[in-house]
Amino acid sequence: LLMLFSSQIVSLYTEYLWFQELGYAPVFIKILLTQIVLGLIFGLLFFVIFYSNVLLARALAPRYRVSYLQGVIRLQSPLIQRYFNTLLLGSALFFGLIAGISASSYWDVFLRYLNATPFGLADPIYARDIGFYFFTLPVYQFVWGFLLVSLLASIAVAVVIHVLDGAISLQIGVQKVAPHVKAHLSILAGLFFLVVAWGYRLQIYNLLYSRRGVVFGASYTDVHAQLPAYQILSVIAVVTAILFLVNIYFRGWRLPAAAIGLLVLTMIGVAGIYPALVQQYRVSPNEIEKEKPYIKRGIDFTRKAYDLEKVKSQ
C-alpha cells in the first residue's frame, strides 16, 4: 500500500507544508476532513442502497429452483452460491468506494452550502434569493445525480440477480416475472421516477443559465415554452412513479409502460419540438421586441454583479 500510494502521500504532505507556510494550515485540514467525511457518508449510503437491494433480491429467490437460461447454468451448488454472494458483496464495496471518491471531489460545493449567506437580491423569474443558485442548487443537483445513479445501479443488479435466480424467467411459456419480484422492481422504478420528477424541477431553475436567447440567461422561449414543458414533465414523472406502485396489484406492465411512453413523447414533443418552434416562428421574426425585457434584465443584473449601478453615463 505504501508503494502504491507513496506519490499521493508525498503530494498531500507537500500541499500541507505549502498551506502551513502561508498560515492557512487550518484551511487545508478543513478541506481534507470535508473530503473524508463526504466520501464516508456517500460511499456508505451508496453501499447501503445497493447492497440492501442485493440482499432483498437474493432473499426473494425461488426456493424450488435457481436456474438461468433454461437451466444451462445452475446456481444450486452451495459453493457457487457462496462465491456468487461474495462477488456481489465485493461489487457493492467497490462501487461504494467509487461513489465515495466521486463525492469527496464536491467538498467546495458542500462547504459553500454549509456557509451560505443571502445576497439580499431576488432573481426576476422565480423571486428566489440569488444565494440559492450559488449555495443550495449545486448541492441539490449533486444529490439528485447521486440518487439517480444509485437507483439505476440497484435496478440493474436486482434484474441480473432475479434472472440468475430464476425469479425472472427467459423461457417461453413460463411466467416471466414472479409477483414478489414485480413488487421489488416496481418500488425501485417508482422511486427512480420520483427522482426524475425532482430533476425536472431542478431543470426549471437551470433555465436561468440558458444560452438559447440573445443574452445569457432565461429568454422568452425558456420562460414561455421550456418552463411549462418541464412542469408538465415533472407531473408526468410523478404519475409514472405512482402507476409503478399501483401496478403491483395488477397483472402485466401496461400501466407503467403507457406512462413511460407518454413521458418520452412529452420529452420529444413538448420539451423538444415545441420550444424550437416557438423560437423559430414566434421569437426570431420579432426578436428585439420579444427579448427586450430579458435583455434589460441581463444588463441590469450584470451591472449589479460588477457594482456598476452608480456609474453615470454621458
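A salt bridge is a side-chain nitrogen of Lys or Arg within 4 Å of a carboxyl oxygen of Asp or Glu. In this predicted model, local features need pLDDT of at least 70, side-chain atom pairs count only at pLDDT 80 or more, and totals for chains, interfaces and linings use all residues. Residues are numbered from 1 along each chain as its sequence is written, and side-chain values use heavy atoms, with hydrogens and water left out.

Four salt bridges are present. One of them joins the side chains of Arg212 and Asp222, at 2.6 Å from N to O. Arg212 sits in the loop between helix H6 (179-206) and helix H7 (220-246), and Asp222 in helix H7, so the pair ties together parts 10 residues apart in sequence. Helices (H or I, at least four residues) and strands (E, at least two) are DSSP runs, numbered from the N terminus. Arg212 is partly exposed, at 34% relative accessibility. Asp222 is buried, at 1%. Buried means under 20% relative accessible area, exposed over 50%, and partly exposed in between (1.4 Å probe, protein chains only).

Lys296 and Asp300 meet at 2.9 Å, N to O. They lie four residues apart in helix H9, about one turn. Lys296 is exposed, at 52%, while Asp300 is partly exposed, at 28%. Lys292 bridges to Glu289, with the closest N and O atoms 3.9 Å apart. These two are three residues apart in helix H9, hence about one helical turn. Lys292 is partly exposed, at 47%, as is Glu289, at 48%.

The largest pocket contains about 690 Å³ of space. A pocket is an open set of points on a 1 Å grid over the protein atoms alone, where a 1.4 Å probe fits, with protein on both sides within 12 Å along at least five of seven lines; lining residues have an atom within 4 Å of a point. Of its 21 lining residues, Ile130, Leu208, Phe216, Phe301 and Thr302 are closest to the centre. Helix H5 (131-164) and helix H9 (287-305) are the elements giving two or more residues to this lining. H9 gives the most, seven. The lining comprises 15 nonpolar, three polar and three charged residues.

Mean pLDDT, the predictor's confidence in each residue from 0 to 100, is 89 for the protein chain, and 92% of the residues score at least 70. Confidence is highest in helix H4 (residues 107-114), at a mean of 96, and lowest in strand S1 (residues 67-68), at 45. Over residues 65-74 pLDDT stays under 50. Where pLDDT is low, the predicted coordinates should not be read in detail.

Technical notes: Points joined across faces, edges and corners; volume = space filled by probe spheres on them. Nonpolar A, V, L, I, M, F, W, Y, C, P; charged D, E, K, R; others polar. Contact = heavy atoms within 4.5 Å.
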